Amino acid sequence: MKRRTAATLVFSSAGMLVLILDGKAALLGAQAGVELCLNTVIPSLFPFFVLSVLLTQSILGQTMALLRPIGALCRIPRGAESLLLVGLVGGYPVGAQNVSRACSTGCLSPSDGSRMIVFCNNAGPAFLFGILSPLFSNRLIPWLLWGIHILSALTVGVLLPGSRSSVSVKRNTGRITLPGAVEKAVKSMALVCGWIVLFRMLLSVLERWLLWSVPQPVRIAVAGILELSNGCILLSRLSSEGMRFLFAAVFLSFGGVCVTMQTISIAGGISMRLYYPGKLLQALISFLLAAGCQSLFPANMRCDVPMPIVAACLLLSVGCATYMNLKKKCSSFPAASGV
């Protein structure tokens, strides 16, 4: 039996056993996931899904003068700068959806897609300001978080291995109508909500059987690593705004395992070999930037980060960048999806 098949068998069997032994916790988690989708995720993401399809189809293949310098730094093919724009404002996983569509229509090469899906897939302002603004007394802090998020994504774009394609992205001649955009958005939205409900069930079971015994910050960290929305909502349980700021910066950039699964589902044939270390690198850079910004906070809001932790994050960042460059030398990043 192959390892992947064996792992799937063990995971599915364990899940069935949990549903039998503690179906109530799973049911409550599923209900919470559905409420989260209806009250927060769909209202904040669905309009961006529709508009991003229309926007990308209309401007893909056109060089955007304002983004040209950034595109050159991140080695984005000429004409694909629009994917970066949508990836920074559309929210998870709108950016991945548009990179995947550009690859499937032949507008973007698979190797460029494997790079761009890392830094063109980010938390959007609708989610960031809607969820995180109530957590901070100073209304400028969410803007600072968004700035850190954008800067960390662009830094990863600069550090990712690969050269800029000398061929400009072909202008998309296919026509997309509003009904077509809504249809594509509905399919993507259903996929996203399915993953959110599944991970909310998992988190509910973990809280009942394991996480109740660990300190509050650890519980919140596990929730944020698993699923972004729940992790951000639970930040209200932390009394220190400085600690909330650090956690939020990391959660937004890493995206969580749930967002990773959504991205894999949407990515189609794009290789995901750069995605995992790339998102870890972005989270580490965001943490370092957020730690540096603590000096801007009043004394009663700060969460001073010990220097050994800062040094460890710097070393891990260098390690991630080195690993990706070594990976590039050993592989041509084929189109097969790397789950």
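**Close-up views of helix contacts, core and selected residues**

**View A. Right-handed crossing of helix 12 and helix 14.** Helix 12 crosses helix 14 in a right-handed sense. In this predicted model, the axes of helix 12 (residues 241–254) and helix 14 (residues 275–293) come within 8 Å, with a crossing angle of roughly 155 degrees. Angles over 145 degrees count as roughly antiparallel, and helix 12 and helix 14 are therefore roughly antiparallel to each other. Helix 12 contributes Phe245, Leu246, Ala249, Val250, Ser253 and Phe254 to the contact. From helix 14 come Lys279, Leu280, Gln282, Ala283, Ser286, Phe287, Ala290, Ala291 and Cys293. By class, the contact of helix 12 with helix 14 comprises 11 nonpolar residues, 3 polar and 1 charged.

**View B. Contact of helix 5 with helix 6.** Helix 5 (residues 94–104) and helix 6 (residues 110–119) have axes that come within 9 Å and cross at roughly 170 degrees. Helix 5 and helix 6 are therefore roughly antiparallel to each other. On the helix 5 side the contact residues are Ala96, Val99 and Cys103, and these meet Gly113, Met116 and Ile117 of helix 6. The contact of helix 5 with helix 6 holds 5 nonpolar residues, 1 polar residue and no charged residues.

**View C. The largest nonpolar core and Ile117.** The largest nonpolar core consists of 91 residues. Met116, Ile117, Leu132, Leu235 and Phe245 are those with the most contacts inside this core. Helix 9 (residues 178–209) supplies the largest share, 9 residues. Leaving aside residues up to four places away in sequence, Ile117 touches Ala96, Val99, Thr263, Ala267, Ile270, Met272 and Tyr275.

View D. Thr40 belongs to helix 2 (residues 23–59). With residues up to four places away in sequence not counted, Thr40 touches Glu35 and Ile131. Between Thr40 and Ala126 the C-alpha to C-alpha distance is 10.0 Å, while the two are 86 residues apart in sequence.

**View E. Met64 in the loop between helix 2 and helix 3.** Met64 is located in the loop that runs between helix 2 and helix 3 (68–73). The relative accessible area of Met64 is 23%, so Met64 is partly exposed. Arg78 is 14 residues from Met64 in sequence, and their C-alpha atoms are 8.7 Å apart in space.

Notes. Residues are numbered from 1 along each chain as its sequence is written. This is a predicted model: local features need pLDDT of at least 70, side-chain atom pairs count only at pLDDT 80 or more; totals for chains, interfaces and linings use all residues. Side-chain values use heavy atoms; hydrogens and water are left out. Axes are lines fitted to C-alpha atoms, for helices over the stretch in contact, and angles run from 0 to 180 degrees between N-to-C directions. Helices (H or I, at least four residues) and strands (E, at least two) are DSSP runs, numbered from the N terminus. Angles under 35 degrees count as roughly parallel, over 145 as roughly antiparallel, 65 to 115 as roughly perpendicular and the rest as oblique. A crossing is left-handed if the near helix is turned anticlockwise from the far one by less than a right angle, and right-handed if clockwise. Contact means heavy atoms within 4.5 Å. Ala, Val, Leu, Ile, Met, Phe, Trp, Tyr, Cys and Pro count as nonpolar, Asp, Glu, Lys and Arg as charged, and the others, Gly among them, as polar. A nonpolar core is a set of buried Ala, Val, Leu, Ile, Met, Phe, Trp, Tyr and Cys residues joined through side-chain atoms within 4.5 Å. Buried means under 20% relative accessible area, exposed over 50%, partly exposed in between (1.4 Å probe, protein chains only).
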